[in-house]
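Please read it alongside the model.

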Amino acid sequence: QIIKSDGMDITERELERDDLYSADEIFMSGTAAEVKSVAQVDDVTIADGKMGNITKSLQKSFMDVAMGRDERFIHWLQYI
């Protein structure tokens, strides 16, 4: 939802390892991990091995949501 709201397109599909090896960038996300760039898969460096622009943008957007700075997703937060 964050990616779509930021104006980017997404496609969900099953991947083969070769898809990962040839990717421009890879990230993983999760509750504890938040959004993390993946630099290598099976000793294969992804692109230049640095965090890509999409991952940087999503990481910032995710943190803005998590910290309550993005009003679009304020309903996701539960304050305690």
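## Salt bridges

Six salt bridges turn up in a search of the whole structure. A salt bridge is a side-chain nitrogen of Lys or Arg within 4 Å of a carboxyl oxygen of Asp or Glu. This is a predicted model: local features need pLDDT of at least 70, side-chain atom pairs count only at pLDDT 80 or more, and totals for chains, interfaces and linings use all residues. Residues are numbered from 1 along each chain as its sequence is written, and side-chain values use heavy atoms, with hydrogens and water left out.

## The Asp6, Asp70 and Arg72 network

Salt bridges link Asp6, Asp70 and Arg72 in a network. Arg72 pairs with Asp6, with the closest N and O atoms 3.0 Å apart. Arg72 sits in the segment after helix 3 and Asp6 in the loop between helix 1 (2-5) and helix 2 (17-21), so the pair ties together parts 66 residues apart in sequence. Helices are DSSP runs (H or I, at least four residues), numbered from the N terminus.

Arg72 also meets Asp70, at 2.7 Å, N to O. Asp70 is buried at 11% relative accessibility. Arg72 is partly exposed at 39%, and Asp6 is partly exposed at 29%. Buried means under 20% relative accessible area, exposed over 50%, partly exposed in between (1.4 Å probe, protein chains only).

## Helix 3

Asp64 and Lys60 form a salt bridge, with closest N and O atoms 2.7 Å apart. Both lie in helix 3, four residues apart, about one turn of the helix. Asp64 is buried at 17%, whereas Lys60 is exposed at 54%.

How values were computed:
Helix = DSSP H or I, 4+ residues; strand = E, 2+ residues; numbered from the N terminus.
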